[in-house]
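Here are my notes on the packing in this model. Please read them with the structure open.

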Amino acid sequence: MSTKLQLIFDEAKKARLDNFVSENLEDQTRSQIQRYIKDGNILINNNVAEKTGSKLTKGDVVDITIPDEKPIEAIPQDIPLDVIYEDDDVLVVNKPQGMVVHPAAGHPDHTLVNAILYHSKINDNDILRPGIVHRIDKDTSGLLMVAKDDLAKQSLMKQLKDKTNLREYLAIVHGNFKETNGKINAPIGRSKKDRKKQAVIDDGRSAVTHFTVLEQFDGYSLLKLKLETGRTHQIRVHMKYIGHPVAGDPLYGPKNTLQGHGQFLHAQTLGFEHPRTHKWLEFSVEPPRIFQETLNKLRS
């Protein structure tokens, strides 16, 4: 089965097809809409739309067929996994840059979850995010804590909610600072201009980031950042908000930036109370090679 919709373009000024459809289908991502167009599932006046940027004029009728998505299920896959710590309750892994944390539309497999399920037994009813209590972005590298059972999951989630755990990042950002440290307290929610982005908005959820300037270079700075909350894209949005976007960030940064494999952002340090022994555990890992090589070039 599929869902069929019809939209009528009634604006006086011409508009792109993908922009118009995206504005009217808020539950669909822009990439999904572009795929519908490429697959011939969107018609303009009963003709298959030829391209995503097709221009609409007043009175055009747009017919959309939304196919039912195949159900996504996380399955074990033999993928290399950098395990930093493991016991019967928790697992701490170092996620490489470029790997998605859990299956979703557009990334049904070859995620960190697929690797974890192959490596360990996870007792969790969440079929898409088993063991996952927090995430980092695809192109952000670094440490994640994983719950292997319900006791661990409830404990780790409560620590996140109560802000009693430790999450520190390294980032190379644009620009230099007069101050040596600071606190960014600005609410974050989905951007009203671009649904792919988050933004600082008045009615957003509370978001707090602390930063310390470690080094400064010609046009760039190295920061240590500590998360007090954990909103989607929090560091990336907050750094853009104060005029120092993360270098290499394809979504929130400028085009003229450091070349790498996405944003220069690394989850370096992770600390939490063990859910069963209540012992404090803390781990740190160095950033990936591209991050370190770029730092060395800036220093020289």
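1. Main core. This is a predicted model. Its largest nonpolar core holds 32 residues. Tyr169, Leu223, Leu225, Ile235 and Met239 have the most contacts inside this core.

2. Contributors. Which elements give two or more residues to this core? They are the helices α3 (112-119) and α5 (234-241), together with β8 (90-95), β9 (141-147), β10 (166-174), β14 (208-216), β15 (220-227) and β16 (265-273). The most comes from α3, with five residues.

3. Ile235. Leave out residues up to four places away in sequence, and isoleucine 235 touches Tyr169, Thr209, Leu225, Leu227, Val246 and Leu265. Tyr169 and Leu225 are also listed with Ile235 among the residues with the most contacts inside the core.

4. Second core. There is a second, separate core of 16 residues. Leu17, Ile42, Ala49 and Ile64 are among them.

5. Open sheet. Four strands form an open sheet in the order β1-β6-β3-β4. Their pairing is antiparallel.

6. Strand pair β3 and β6. Strand β3 covers residues 42-44 and strand β6 covers residues 61-67. Three bridges join them.

7. Which strands does α1 lie across? Helix α1 (residues 17-24) lies across β1, β3 and β6. Its angle to β6 is about 65 degrees.

8. Buried residues of α1. Leu17, Asp18, Phe20, Val21 and Ser22 are buried in this helix. The buried residues of α1 pack against the strands β1, β2 (15-16), β3, β5 (55-56) and β6, and against α2 (30-38).

9. Phe20. Is phenylalanine 20 buried or exposed? Phenylalanine 20 counts as buried because its relative accessibility is 9%, and the cut-off for buried is under 20%. Phenylalanine 20 lies in α1. Beyond its neighbours within four places in sequence, phenylalanine 20 is in contact with Leu7, Ile8, Phe9, Leu56 and Val62.

10. Distance check. How many Å apart are phenylalanine 20 and leucine 225, C-alpha to C-alpha? They are 38 Å apart in space, and 205 residues apart in sequence. Leu225 is one of the residues with the most contacts inside the largest core, while Phe20 is one of the buried residues of α1.

Key. Residues are numbered from 1 along each chain as its sequence is written. This is a predicted model: local features need pLDDT of at least 70, side-chain atom pairs count only at pLDDT 80 or more; totals for chains, interfaces and linings use all residues. Side-chain values use heavy atoms; hydrogens and water are left out. A nonpolar core is a set of buried Ala, Val, Leu, Ile, Met, Phe, Trp, Tyr and Cys residues joined through side-chain atoms within 4.5 Å. Buried means under 20% relative accessible area, exposed over 50%, partly exposed in between (1.4 Å probe, protein chains only). Contact means heavy atoms within 4.5 Å. Two strands pair if DSSP finds at least two bridges between them. Axes are lines fitted to C-alpha atoms, for helices over the stretch in contact, and angles run from 0 to 180 degrees between N-to-C directions.
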